[in-house]
Amino acid sequence: MISSVILVIILVIIALILLFRDTYYKPFTRIVSWNIRFFGMENTNDHTLSYYQTIAQRIKTLDPQIVCLQEISSAKGLDHLMKYLSDYDVFIDPDAEKNNILFFEEMGYESLYSKVINNQLTSDIVNNLMLNCILVKRNIRIVSFDVVHKRQLRISYYDKYIGDNVVVYNVHLPSDHISNRSQERLAILNNLTNAIDNNEEKYVVVAGDFNADYKTKEVQYIQHQGLVHSNEVVNRLYYKSSDVTGMDLTFSHRRKENENLRRLDHFFVSQDLSNHIIGGFTDNSHCAGNMGDILGEISDHCMIALDIR
């Protein structure tokens, strides 16, 4: 009788482990990308604000191993965020970080904040308030970190599920909304593809805000270089447990009245890595117009996620 009870208890425990294993143990690597509009333009001295805590909690909820962030406007704000993300290390261009701190000291926080909220932005301000960074869980083995371009970071890590090194690029193309910056955008993409070719990289993830939808020449250029859009892979998976979006939009602002909302944030992967994608999704809970706005608007972009193993 006792042995039967013990057997039942053991079976129940096994069933619970199988049921909740993805909650406490992810048998895959999750990479997310998020453009947080003018991140850090909040007063870090005001500890009653929920801005930094809310962003940190959202990242913790999705529990990614790697986080690609764009539009980091304040290096000091990033330091403040990391107080709530103690499980992560941050990788950023040290020169850009230093210049950002000096820029705030020269311009003054109140002056910069006023220009941002009143849309009085000059090219000098934008260039100093647009940093990329990559957050990596501390239990991930980093192989190398490089600054390919001010708006393009590269990190290589060992993926225990794939059994090889995986390279992640965090890209933020400048917008051509106000002026034509096509040449600059293509130059950044050339740097990207040259870096991939020169290093003969097999497993590659390119993530970020491309300020470009599917029909633009920049996206077509990337695909012509042999990189695959992750949605193409996710949408043909026979088992799409993580896919809740398909072609969901990631950017919430319209350029013109009645214009459709657009997807500007993307994952592209190498052919070899495409075989290791098990799912992907757009987290639309904390972008403009959704639940996250109850605590104040966080960003006009949604976070996107990609799961690989």
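## An aromatic pair in the interior

Phe39 and Tyr51 are both buried, a term that stands for a relative accessible area under 20%, with exposed meaning over 50% and partly exposed the range in between, as computed with a 1.4 Å probe on protein chains only. This is a predicted model, in which local features need a pLDDT of at least 70 and side-chain atom pairs count only at pLDDT 80 or more, whereas totals for chains, interfaces and linings use all residues. Residues are numbered from 1 along each chain as its sequence is written, and side-chain values rest on heavy atoms, with hydrogens and water left out.

The structure holds 6 aromatic pairs, where rings of Phe, Tyr and Trp (its six-membered ring) pair if their centres lie within 6.5 Å, and where planes under 30 degrees apart count as stacked, over 60 as edge-to-face and the rest as tilted. One of them is the stacked pair of Phe39 and Tyr51, with 5.9 Å from centre to centre and 25 degrees between the planes. This pair links distant parts of the chain, since Phe39 belongs to strand 1 (residues 29-39) and Tyr51 to helix 2 (residues 51-62), 12 residues apart. Through ring pairs, Phe39, Tyr51 and Tyr52 are joined into a cluster.

## A second ring pair

Phe210 and Phe268 form an aromatic pair of the edge-to-face kind, at 5.3 Å centre to centre and with 85 degrees between the planes. Because Phe210 lies in the loop between strand 8 (204-209) and helix 8 (217-224) while Phe268 lies in strand 10 (residues 265-269), the pair ties together parts that are 58 residues apart in sequence. Both Phe210 and Phe268 are buried.

## The chain as a whole

The protein chain has 10 helices and 12 strands, which are DSSP runs numbered from the N terminus, with helices (H or I) of at least four residues and strands (E) of at least two. Of its 309 residues, 50% count as buried. The accessible surface of the protein chain comes to about 15,400 Å², and 50% of that area belongs to carbon and sulfur atoms; such areas come from the Shrake-Rupley method with a 1.4 Å probe, and for residues only the protein chains shown count as cover.

Among contacts (heavy atoms within 4.5 Å) between residues of the protein chain at least 6 apart in sequence, 71% join residues at least 24 apart.

Two strands pair if DSSP finds at least two bridges between them. Strand 2 (residues 66-72) pairs with strand 4 in the antiparallel sense over 5 bridges, and strand 3 (residues 88-92) also pairs with strand 4 in the antiparallel sense over 5 bridges. Cys133 of strand 4 is the bridge partner of Leu69, and Ile92 stands opposite Cys133 as well.

Asp63 is not a glycine, yet has a positive phi of about 50 degrees; Asp63 sits in the loop between helix 2 and strand 2 and is partly exposed, with a relative accessible area of 24%. Asn211, likewise not a glycine, has a positive phi of about 45 degrees and is found in the loop between strand 8 and helix 8. At 15% relative accessibility, Asn211 counts as buried.
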